[in-house]
Amino acid sequence: MSIARRLEGLPLGAFHYRLLLICGIGWLFDAMDVGLVSFVLPAVGKEWHLSAAQMGALGSIGLLGMGLGAVAGGTLSDLLGRKKVFTYTLIFYGVATFLAGLAVNYPWLMLLRFLVGLGLGAEVPVAFTLMSEFSPTRYRGRMAVLLESFWAFGWIAAALIGYLAVPRWGWRLAFFIGALPALYAAVLRRALPESPRYLEKIGKVEAAEAIVAMVEKSSGGPAGEILTGPEGEGETAARVTFSDLWSRRYFRRTLCLWLLWFGINFSYYGIVTWLPSLMVGRGFAIIKSFEYVLIMTLGQVPGYFSAAYLVEKIGRKATLVTYLALSGGAAYMFSLSTTTSQLILWGLAVYFFNLGAWGVLYAYTPELYPTAIRATGSGWASFCGRIGAILAPLIVGQMLVLMGQAAAYPVIFLLFTAVFVVTAIGMLLLGIETKGKTLEELFLTP
């Protein structure tokens, strides 16, 4: 059997869980770093007397870096390998985060947050490409969602840092703690294997065979069942270009992914970047604001785990459409909340369904492209998402400036509701189902 067929037919073994842990801890640090921004914004804004527009720009500049980094990281991963890019991006953004804690003024912090985003964005498509290329067919979606679930724990860690450290010791300590990924990169370099699919694509068949044999050994031997479907992806050595993403074969898939990434990013980052500041603006003390947001973020964990279960039961498409629609409903109810208990309840629901949808999106994205273009396609989809992520904090900041806190608050969440609903409709009309199919079958399916 081909390398792809051998990997697709394996049961889950010790290797798969070790890979999940290795990539997951790196992903946890990523989330912690992104999350720190929303918790330091109120403190930085107060110390440097920043306007709402300046705070919005500070939230968006890192996302601009993430968008550009995703394109660069995805492309380099298809050229140089998954492992190398994954490792060095962790070091890059870890160092940049530490330097952000030393920033002496607003322009310097803007520059350093851009560099942090550049490194972080480059890592995003690589981690999920690597996970999908190692995972057996019948577990691929679940493993990708479980990998994405580490984001919840990283965000909770960021909320804890914001709640416990920022009010007492200042925002700079938050960034120093966020620099920990640079240390963890040394562990990744030793423990993380290269993707056999990538090695086979570049002609290193013996190295690919050795890794597959190791995976088979950790899983109890070769595949226990022969999967139906083609032996390989039928790829040639010709280099795939950006225009191929919009060829007749991939047009619908690329359009669907770009819409999904834009909509989910817009709503997610628009909410989480501004939520602590919005709650402070509504009269909550900064410590209470962080406390309530910390409670809300706990909704991410069951959201991810429920999606990990459903993604292999009812499929990617049904899970995504349902969770996106319910995210919109929860955002609408949040806008109507008048008591603390209502805010927390619907905030929990927003995090539950929003992050569940995120998990499915990360499972779904690398399934729609073949090995030669998988990380590149994922990187460009992520870039499109970051455009939404950049626009949302800026738009919210401008709405606050033009309309004022009281008038803008409900309109902001109605905007997010509309985006969630439109995104759900886009997935319903354009999305294809990938559950139970090998990556090779999906490549050959129109």
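**Exercise 1. Into which residue classes does the lining of the largest cavity divide, and which elements supply it?**

Solution. Begin with the classes: the lining of the largest cavity divides into nine nonpolar, five polar and two charged residues, where Ala, Val, Leu, Ile, Met, Phe, Trp, Tyr, Cys and Pro count as nonpolar, Asp, Glu, Lys and Arg as charged, and the others, Gly among them, as polar. The model is predicted, so local features need pLDDT of at least 70 and side-chain atom pairs count only at pLDDT 80 or more, while totals for chains, interfaces and linings use all residues. Residues are numbered from 1 along each chain as its sequence is written, and side-chain values use heavy atoms, with hydrogens and water left out.

The search of the whole structure finds four cavities of 30 Å³ or more, and the largest holds about 110 Å³ of space. Of the 16 residues that line the largest cavity, Val34, Val37, Gly59, Leu63 and Arg113 are the closest to its centre. A cavity here is a set of points, on a 1 Å grid over the protein atoms alone, where a 1.4 Å probe fits but cannot get out, and lining residues have an atom within 4 Å of a point; a volume is the space filled by probe spheres set on the points, which are joined across faces, edges and corners.

Finally, turn to the elements: helices H2 (14–48), H3 (52–80), H5 (106–134) and H12 (251–281) each supply at least two lining residues, a helix being a DSSP run (H or I) of at least four residues, numbered from the N terminus. Domain 1 (1–223) and domain 2 (246–445) each contribute at least three residues to this lining.

**Exercise 2. How are H2 and H3 oriented to each other, roughly parallel or roughly antiparallel?**

Solution. The axes of H2 and H3 come within 9 Å and cross at roughly 155°, with axes fitted as lines to C-alpha atoms over the stretch in contact and angles running from 0 to 180 degrees between N-to-C directions. H2 and H3 are therefore roughly antiparallel to each other, a term for angles over 145 degrees, whereas those under 35 count as roughly parallel.

Note on methods
1 Å grid on protein atoms, 1.4 Å probe; cavity = no way out; pocket = protein on both sides within 12 Å on 5 of 7 lines; lining within 4 Å. Domains from an automatic or database assignment. Parallel < 35°, antiparallel > 145°, perpendicular 65-115°, else oblique.
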